[in-house]
Amino acid sequence: LPAARVYTPDGKKFKMTGTFGAKECVQFAQDVASGKVQPFIKSEAVPADNNKPVKVVVRNNLDEILADDSDLFLKVYAPWCGHCKAMAPTWEQLGSALAKENSVTIAKVDATANDLPDEWGVQGFPTLLFFPKGSQKPIEFDQQARDFESLLKYVKAKASSKSLNVDDNVAPPPAPAAADTSDDKDDGDDDTVAHIVKLLNRKYMLDQPGYVWAAVASGLLLLSMFFLGMAFSGPVAPPPRAGKAPQAKKSADKGKSDAATKKSSDKAKTKGKTRTD
């Protein structure tokens, strides 16, 4: 490291690779401006087997899944989110109940490992988004209850097909160990400092090298300011040596000594005059 990134006004990100230097940075910026560099999109690997009741969405298969001839009910989650962990068994149960229904797809995506469209407006975890068949615009699940019955009722109300093949005999999977939701608030909308940092990291910095690049840039700026300050301020006078009294104090002490000497002389003259008289 260091590393370099280019962010365009339309939200695209470009990652510089190879040798890092002044000339290379200039050339990289020119290549981005001329369209020679492809945008960088963070994505997990596309799963080799994605036929489970809950499909795994990554950035590189998102367009394919959205283009599928079915409705999509997507859970956007973060691995560290306590509410996401607590909800996982219910989401698996929903996927199993609709596994034989081809017109509805139940899926999940890790928002910390995949770049998601800004238009989705994800602000907390978990966020549940429903995409009607053929639509790229999601409808956010806005209900408080997130139990199995409430989620299934929501799917039935939003689904393109009004006759769904639901397996009512699907047993819920075993609940995970008690999840720590102390940092989550408002039914999963985590707004702690850690959550805000993670959102900013995903949205603006992409990954840790971004922070390193920011630190390097800040250090170079501080060094430049230091040397500019030295250039314009001129030479700095050295401090006085230890034990040597400042000139102002010496002058004041000399003035006091001269005054005392004059006073003593005047007193002697007065005394001598009195004896003569």
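This is a predicted model: local features need pLDDT of at least 70, side-chain atom pairs count only at pLDDT 80 or more; totals for chains, interfaces and linings use all residues.

How do the residues of the lining of the largest pocket divide into nonpolar, polar and charged? There are 8 nonpolar, 2 polar and 8 charged, where Ala, Val, Leu, Ile, Met, Phe, Trp, Tyr, Cys and Pro count as nonpolar, Asp, Glu, Lys and Arg as charged, and the others, Gly among them, as polar.

Residues are numbered from 1 along each chain as its sequence is written, and side-chain values use heavy atoms, with hydrogens and water left out.

Of the 18 lining residues, Arg59, Leu116, Pro117, Asp118 and Glu119 lie nearest the centre of the pocket. A pocket here is an open set of points on a 1 Å grid over the protein atoms alone, where a 1.4 Å probe fits, with protein on both sides within 12 Å along at least five of seven lines, and lining residues have an atom within 4 Å of a point.

Turning to the helix, Tyr154 is found in helix 4, helices being DSSP runs of H or I with at least four residues, numbered from the N terminus. Tyr154 is buried, with a relative accessible area of 5%, buried meaning under 20% (1.4 Å probe, protein chains only). Leaving aside neighbours within four places in sequence, Tyr154 is in contact (heavy atoms within 4.5 Å) with Phe73, Phe130, Ile139, Glu140, Phe141 and Gln143. The C-alpha atoms of Tyr154 and Phe141 are separated by 8.5 Å.

Definitions and conventions: Helices (H or I, at least four residues) and strands (E, at least two) are DSSP runs, numbered from the N terminus. Buried means under 20% relative accessible area, exposed over 50%, partly exposed in between (1.4 Å probe, protein chains only).
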